[in-house]
Structure formats: C-alpha cells, structure tokens
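I opened this entry to keep track of what I looked up in the model.

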Amino acid sequence: MASIAMKKGEGLYESQKLALAYFAVALILFGAQLLFGLLAAYQYIDPNFLFGKLSFMTNRTVHVNAMIVWLLVGLMGGVYWFLPIETGREVVGIRLAKWIWWIIVAGVGVVVLVYLFVQVGPGTATTLWFINEGREYIEAPRWADLAIIAWVAVFLYNVVATTLASRRVTGLLGVLIFDLVALGALYSAGVHYTVNVTMDQYLWWWVVHLWVEATWEVLVGVLMAWSLMYLLGTPRKLVETWLYLEVALVFGTGILGLGHHYFWIGTPEYWIGLGGFFSALEPLPLVAMVVHAVYDAGAHRLHAVNRPAFFWAILQAFGNFIGAGVWGFMQTLPQINLYSHGTQLAAAHGHLAFFGAYVGTVLTLVYIAVQNAAKVVRIPLDTRSWSWSYALFILGIFGLAGSFTISGFVQTMVERAELGSTWAAFIASYTHPWYTNTLVWRFFFGLMIFAAYLILVYDLLSIYAGRALGKEVRRAQ
Ligand code: HEM
Ligand code: HEM
Ligand SMILES: [Fe+2]
C-alpha cells in the first residue's frame, strides 16, 4: 500500500516543493474567496453596507475569480505533486516553472488590487487591457489573460517534457497531456471580445462550460486516479480502465451539452434539442465516478493511509454527482430552464458543483501532500480536528445551497411561472418571505463555512508541525 508516494528516507522532489507553494497560495485565496462571499451575502441583507465604498459587484467578482484561480492552482499543484512520482524523475523545466509561478502570484495580487480600487468608470479598449474584461468568472484584464496562457504553456511543457524524458507514457499521462492541450486552448477563446453579445456569449461559454464540465472534470479524473492509487493502493489497470470510460462519457456528453447555455442567447433553435438531450446525459460519467470510488473503498474496507484525504475523496465523488449531476440536471431541460434560467437555482448548483467536484479534489490533494511534507510523517494519518472541519463544511455548503435553492424556487415559480415575469412579479418574488428569509440563512451558513475553513487551516498546520496521530514512518529531510 502507498507504494506510489512513499519512498522511505527520501526528501521531496523540487516539483513537490513547488506543489506545496501552489497549495499554500490556493488556501490563502480560498480564505479570500470566503470573506468576499460573506460580504456579498451580507449586502443582500443590508444593501447599504459599504455603499459607495465596496460595491456588491466587486465583492462578487473577487469571490468568483478567487475561486477559479485557487481551484486551478490547487489542481495544477496536484499535477506537480504526482508527476515526479509517476515518471520517477524530477520535472523537466522546473526552474522555469518556479519563475513563472511567482510572476503569476504577483499578477494575481495586482489584478485583485485593481478590482478593489478601480471600480467605476466607462469601459474602453484600455480598460479591457488593464482593468477588467467584463465577463463573469473570467473578468481578468487582457494582460493577465496572456500571462495565464503563458503559465499554462509552461505547465504543459513541464508535463510533456517530463513524460518524454521518462520514456514511459502511461495511460494517465496520455490522458493528462491531451486534456491540458484542450484546457489551454479553450481559455484563449475567452480573450476574444466582440460587441455582438450573442457571439461574445457563444465563445465565453466555451471557456466556462467546456472548462468546468469537460477539461476540469477530466483533470480531476486523472488526479483522483493517482490519489486512489496512493490512498488505497488501487491497481493502475483498474483506475485506468475507469478513467477511459469516464473520459469518453465526459467528452461524449459534455461537448454538445454546452448547448444548455445556448437556449436563450440568440443562437439557432436546434441548440434547444441538442443541448437538452446531451446535457441530460451529463450526469452519467458522474455516476461512473461514484461507482468507481465506492467500489475501491469497499474493496479495501475503508482502510486508507490518510483518513482526511480519503474522506475528502469520497465526498468528491458524491459531491460531484449531487452538485453537478443532480442540481445541474434539475434545470437543464429547456422546458424547465425557460422558467428557472438565471435564478438563484443556478447559484445553488454553482456552489454545490464547484464545492463537490473541485474543492473536494483539491483538499484530497492537500492532505496527501501535507502528510508527506510534515516534519514527522505518520501512517495512517489522522487528527482530531479534521472531522470537525469536514462536517462543518458539508453542513455549511448544503445549508448555503439549500437557501439558494429555496429563493431560486420562489423566483422560478412565483415570478416566472405564476405571475409571468412582469415588474410586479419581480417585486412579489423579491419580497416573498421564502426569499427574504433565505438571505439571512445564507449568511449564517456562510459563517459556518468560514469556521470550517479556519479549522481546516489549523488542522493542516498542526499536521505540518508534526502533531498528528498515526504511526511515525520517516522524517523528511
Ligand atoms: C463540476 C461540474 C459543474 C460545475 C462546476 C458547474 C457550475 C455551474 C455554474 C457556476 C453555473 C452558473 C453560470 C452562470 O453564472 O451563468 C452553471 C449553470 C448551469 N449548469 Fe452547471 N456546472 C457543472 C456541471 C453541470 C452539469 C453536469 C449539468 C447538467 C446536467 C449542468 C447544468 C447547468 C445548467 C442548465 C446551467 C444554466 C442555469 C441557468 O440557465 O441559469 N451543470 N453551472
Ligand atoms: C462563506 C461562504 C460563501 C458565501 C457566503 C457565498 C455567497 C455568495 C453570494 C452572495 C454570491 C452571489 C450570488 C448572486 O449573484 O446572486 C455567490 C456567488 C457564487 N459563489 Fe459563493 N459563497 C460562499 C462560498 C462559496 C464556495 C465555497 C464556492 C465554491 C467553491 C462558491 C461559489 C460561488 C459561485 C460559483 C458563484 C456564482 C454563482 C452564479 O453565477 O450563479 N461560493 N456566493
Ligand atoms: Fe454547462
């Protein structure tokens, strides 16, 4: 068990040290994401809060952008962690990787400061380049977009060159390389700007949907395969077979599933049928991932070398299925989406899906890394505090998404279906007690999530400092 990461007595590869820096920055940005989410949630309750100083739109922008960046950083950190283990050597081009990483960290800092301090003014060609490109989730100004593309290019080079140098292209590495090419190429679709809103949205969704529902899902498939091999000692043949099935299903359903964002933006009508049909099949690969995780966990009677990582991996499988599969499916058929489109049901789904699929993965990876980087390595790793953080996170995120679901339900049923989207209907839904009460619940569950985050950070630091449970195995150099 644990044969793929534990080489007793050996220190960490440089690439793994870089991975630790990735994880540390990811966790700091996670904290920032949550703080700005709390501010946005509080402004729903008291719209005068920070009025004229820090607008809701800025808080929301920082909230969602910090999320995209920290999750991407966490997933890339996972690749830098496992790549030297998979290839049995140091990552080729590691110095370049370190350089570009610190440039990116500085760049992210500048972008956030600009968001916070330069909030108002007309949008021009200059602001597009230097302030904000104005598209939800990928608001980054164009100079930052180009920096991100350069960063992903270096990352791809690291992965390809290391794979070639190792002279052994495993199935997992093959899938990873193929996926990273798509991930980098699709991001560049978001740099294209046109004043035609339909064309603009058409390409914007190539980044947003094809990223999160296709390329990120496949990346997660590869990372979870490595994690399961590490945590449970699952044979490579088994994880690879599952991965091929999942990749086929993810791309088979997800590419045309893109059509569920093309229903009402001015694209040809055939997207209603195509998008409805293929996106309704999108939960299939997610079911496969649950079956895979449960099968592996059962085969090993829940004995893992790292309990927190193992529980986060299980949460990832179920959370991905529930958040993306179930909450996504709820609103993906055009007959339903006609009424639910753009309501807070989308926000409910967004929270659950991003949390289940990606926060779950990154935290699995972080716990695996911290186990090996700790001053005293313990197997199986366990602590007293991780389960508190885990439980509070799950309760908090379901409470938050539940609140969004109820307010979205009022918008869909009262404002749209019953009263027909008039101005009076809008007022009726926004003053409905099911709507107004949930604003407070959201803030409350947000505080719970923040408490879970603080315990998580405490837990990771105490493992790093060597204060964990489990048998002592080796000291890192
Ligand atoms: C991990 C995977 C996924 C993530 C992270 C995710 C995330 C999101 C987010 C954040 C939005 C809101 C976009 C906006 O602001 O306009 C959204 C919209 C949507 N998602 Fe997903 N999603 C995932 C998978 C799925 C799946 C598998 C389905 C279908 C079965 C789905 C169906 C939808 C639909 C229909 C909308 C549009 C809702 C509307 O019309 O307002 N999603 N998704
Ligand atoms: C302290 C906890 C959190 C609070 C209070 C919070 C609150 C909010 C609020 C108020 C919004 C704006 C909704 C709107 O525009 O109407 C939002 C958007 C969003 N949040 Fe959070 N959030 C929290 C944690 C998270 C986490 C952990 C994730 C995912 C990992 C997340 C992902 C998102 C996404 C994807 C959106 C955009 C949704 C959409 O476009 O429909 N949030 N959040
Ligand atoms: Fe989508």
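**Confidence**

I am working with a predicted model. I looked up the mean pLDDT of the protein and got 93. I also noted that 97% of its residues reach 70 or more. I then checked residues 1-9, where the pLDDT is below 50. Beyond near neighbours in sequence, that stretch has 16 contacts in the model. Where pLDDT is low, the predicted coordinates should not be read in detail. Going by element, I found the highest mean pLDDT in helix 1, at 98. The lowest, 79, belongs to strand 2 (residues 469-475).

**Overall fold**

I counted 16 helices and two strands in the protein. The C-alpha trace spans about 70 × 45 × 45 Å along its principal axes. Buried residues account for 48% of the 477. I also looked at contacts between residues at least 6 apart in sequence: 81% of them join residues at least 24 apart.

**Ligand 1**

Which residues come nearest to ligand 1? I found Ala324, Gly328, Ala346, Gly350 and Ala353, out of 22 residues around this ligand. Helix 7 (197-232), helix 11 (307-330) and helix 13 (344-373) each supply at least two residues of the shell. Helix 13 gives the most, with six. By class I noted eight nonpolar, eleven polar and three charged residues.

**Ligand 2**

I counted 23 residues around ligand 2. The closest are Gly37, Ala347, Gly350, Phe354 and Gly446. Helix 1 (14-45), helix 2, helix 13 and helix 16 (433-464) each supply at least two residues of this shell. Helix 13 again gives the most, here eight residues. The classes divide into 15 nonpolar, six polar and two charged.

**Helix 5**

I looked up the span of helix 5 (residues 142-166) next. Its 25 residues reach 36 Å from first C-alpha to last, close to the 36 Å expected at 1.5 Å a residue. Which of its residues are buried? I listed Ala144, Ile148, Trp151, Val152, Phe155, Asn158, Val159, Thr162 and Thr163. An α-helix has 3.6 residues a turn, so residues three or four places apart point the same way. The cover over the buried residues of helix 5 includes helix 2 (56-87), helix 3 (94-117) and helix 6 (171-189).

**Backbone**

Most residues other than glycine have a negative phi, and most peptide bonds are trans. I looked for exceptions. Tyr137 has a positive phi, near 80°. I placed Tyr137 in the loop between helix 4 (125-130) and helix 5. Is Tyr137 buried or partly exposed? It is partly exposed, with 17 other C-beta atoms within 10 Å.

Arg167 follows helix 5, and its phi is positive, near 60°. I found Arg167 in the loop between helix 5 and helix 6. Arg167 is exposed, with 7 other C-beta atoms within 10 Å.

I also looked up a cis peptide bond, from Ile379 to Pro380, with omega near -10°. Pro380 sits in strand 1 (residues 376-382).

Key:
Residues are numbered from 1 along each chain as its sequence is written. Chains are lettered from A and ligands numbered from 1 in the order in which they are written. This is a predicted model: local features need pLDDT of at least 70, side-chain atom pairs count only at pLDDT 80 or more; totals for chains, interfaces and linings use all residues. A residue is near a molecule or strand if its C-beta atom, placed from the backbone, lies within 6 Å of it. Helices (H or I, at least four residues) and strands (E, at least two) are DSSP runs, numbered from the N terminus. Ala, Val, Leu, Ile, Met, Phe, Trp, Tyr, Cys and Pro count as nonpolar, Asp, Glu, Lys and Arg as charged, and the others, Gly among them, as polar. The expected span of a helix is 1.5 Å times one less than its number of residues. A residue is buried if 20 or more other C-beta atoms lie within 10 Å of its own, exposed if 12 or fewer, and partly exposed in between; C-beta atoms are placed from the backbone. Two residues are in contact if their C-beta atoms, placed from the backbone, lie within 7 Å. pLDDT is the predictor's confidence in each residue, from 0 to 100.
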